[in-house]
Amino acid sequence: MNKILIINAGSSSIKWTLFSNNLEQEAKGIAQRIKMKQGSLLLNFNGQKFEENLPLPSFLETVKQLVKQWEEKEVIEKYSDISNLAFRIVNGGPHLQETCLVTEQNINFLKEAIDLAPVHNPGAIEAILAFKQIFKNAKMSLHFDTSFHKTLDKVAYTYPININLCNKYNIRKYGFHGLNHHYITQKMQSILNKKNVNIISLHIGNGASLCAIKNSKSIDTSMGFTPLAGVMMGTRSGDIDPSIIPYIMKHENLAISEVMEILNEKSGLLGISDYSSDMRDIRERKHNDEKCQFAYDLYISKIVDYLVKYINKIGNNIDAIVFTAGVAENNYDVRESIISGINIVNLKLDQKLNTDDYYQDFKLISSSDSDMPIYVVKANEEIYIANEVKELFK
């Protein structure tokens with residue numbers, strides 16, 4: 001039985017999705033708190049949810065426990081049921097910008113790129129090595145969040161700092177969330193029945209990025225050298241004046257790593273609201289909490305600024321504005337707040353369409369007199385990767 005297993009590993013977790021050979025999702029789950037005192041395995045299979053709490057001292061032990069759980073719950077019968085393993089990689093660095101096979105050389109390239117994705121790449125590499133030990137005969141591939149943005153031109157990806165440093169250390173805008181931005185592009189080509197589309201994709205989840213897409217190619221995106229740049233997010237600051245970093249270091253007597261931890265993990269909605277990084281919590285509390293209200297307003301403002309920029313960058317003949325990912329998909333008032341902040345073009349939502357939660361994978365939410373169509377499309381990086389696997393090994 002040829003099944004495709006999609007792996008999305010972080011510093012202490014492994015998210016996974018299992019597809020049949022004809023790309024039907026069969027099961028999904030997550031291993032959490034790897035290398036911590038107590039870990040957990042969550043499984044969704046056959047309409048049921050299973051949870052198991054146990055120590056997960058290493059990525060290798062985690063993979064062993066995952067396989068044990070799959071066999072016990074009859075997700076698979078034997079190891080050879082899984083013919084393909086596909087790994088989502090945040091940043092492959094300058095040498096890996098196309099979907100490719102797992103090889104020793106490519107693993108070494110990933111190790112060289114750890115500084116470009118210090119939170120994500122170490123866990124991804126450990127997961128690859130662990131799965132290689134267990135699934136010795138499976139075909140394995142690497143799929144990069146940066147690949148879709150390889151079409152950025154030099155003006156879009158170059159930072160205005162010393163060019164010799166840029167060249168020496170591969171400092172440039174890489175862009176992220178590319179797997180979903182590319183999926184959204186292909187989905188809109190299908191929805192609009194067009195070979196190429198001009199759209200702005202707003203991937204707004206706990207991490208968030210916008211992408212300007214012209215002729216179905218990424219021409220600019222809000223995340224940059226790392227996923228810290230761009231709009232304000234759940235815990236990440238987004239764009240700031242870089243002089244703030246040494247200023248905080250000096251006055252708080254902090255190391256650079258401590259300041260970067262603040263910017264990555266204790267800023268954004270969490271830092272401004274002093275309450276939560278979760279938009280659901282902010283929405284619930286904002287009417288009675290000034291900090292939460294201000295955090296919401298600042299969050300919306302940062303997204304609006306980038307949306308205006310990308311409307312201008314694409315120019316005439318924009319086919320659609322597309323909301324995707326958890327926050328954008330599930331909060332009609334966030335979408336409404338963003339659209340109402342745009343004044344340079346006449347964008348209008350249909351209130352009934354926008355507030356209707358019952359839709360399958362996409363819906364049109366703009367009114368008939370809006371200058372541009374506005375859609376919500378559910379993110380689906382996993383099916384995009386599964387399709388890439390089929391194409392790579394066909």
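**Cores, sites and a pocket**

Author: Happy to, and bear in mind that this is a predicted model. The largest nonpolar core has 46 residues, and those touching the most other members are L202, I204, Y299, L307, F323 and I338.

Reader: Which helices and strands supply at least two residues of this core?

Author: The strands are strand 9 (199-204), strand 10 (208-214), strand 12 (320-324) and strand 14 (374-377). The helices are helix 10 (279-285), helix 11 (290-314), helix 12 (326-330) and helix 13 (332-340).

Reader: And which one gives the most?

Author: Helix 11 does, with twelve residues.

Reader: What is I204 in contact with, leaving aside neighbours within four places in sequence?

Author: I204 is in contact with Y299, I303, F323 and I338, and also with T324, A325, G326, V327 and A328. Another core lies apart from the largest one; this other core has 43 residues, including A27, F45, L85 and L142.

Reader: Nice. Switching to annotations, what does UniProt give as "active site"?

Author: The unreviewed UniProt entry puts that annotation on D145. You will find D145 in the loop between strand 8 (139-144) and helix 4 (154-157).

Reader: Is D145 buried or exposed?

Author: D145 is buried, because its relative accessible area is 1%, and buried means under 20%.

Reader: Which residues carry the "binding site" annotation?

Author: That label, again from the unreviewed UniProt entry, covers K15, H203, I204, G205, N206, G207, D278, M279 and R280.

Reader: Where do G205 and D278 lie?

Author: G205 is in the loop between strand 9 and strand 10. D278 is in the loop between helix 9 (268-273) and helix 10.

Reader: How about their burial, starting with G205: buried or exposed?

Author: G205 is buried, with 9% relative accessible area. D278 has 23% relative accessibility, so D278 counts as partly exposed.

Reader: What touches G205, beyond residues up to four places away in sequence?

Author: Y299, A325, G326 and V327 do. Each of those four also turns up among the contacts of I204.

Reader: Let's jump to T17. Which strand is T17 in?

Author: T17 sits in strand 2 (residues 14-19). T17 is buried, at 4% relative accessible area.

Reader: How far is I240 from A229?

Author: Their C-alpha atoms are separated by 8.1 Å, and I240 and A229 are eleven residues apart along the chain.

Reader: Last topic, pockets. How much space lies in the second largest pocket?

Author: About 230 Å³.

Reader: What lines the second largest pocket?

Author: The lining is G92, P94, H95, F109, E112, A113, D115, L116, Y169, N170, I171 and F225. By type, the lining divides into seven nonpolar, three polar and two charged residues.

Methods: Residues are numbered from 1 along each chain as its sequence is written. This is a predicted model: local features need pLDDT of at least 70, side-chain atom pairs count only at pLDDT 80 or more; totals for chains, interfaces and linings use all residues. Side-chain values use heavy atoms; hydrogens and water are left out. On a 1 Å grid over the protein atoms alone, a cavity is a set of points where a 1.4 Å probe fits but cannot get out, and a pocket is an open set with protein on both sides within 12 Å along at least five of seven lines; lining residues have an atom within 4 Å of a point. Grid points are joined across faces, edges and corners, and a volume is the space filled by probe spheres set on the points. Ala, Val, Leu, Ile, Met, Phe, Trp, Tyr, Cys and Pro count as nonpolar, Asp, Glu, Lys and Arg as charged, and the others, Gly among them, as polar. A nonpolar core is a set of buried Ala, Val, Leu, Ile, Met, Phe, Trp, Tyr and Cys residues joined through side-chain atoms within 4.5 Å. Buried means under 20% relative accessible area, exposed over 50%, partly exposed in between (1.4 Å probe, protein chains only). Helices (H or I, at least four residues) and strands (E, at least two) are DSSP runs, numbered from the N terminus. Contact means heavy atoms within 4.5 Å. UniProt positions are given in the numbering used here, feature names are shortened, and annotations may be inferred rather than shown by experiment.
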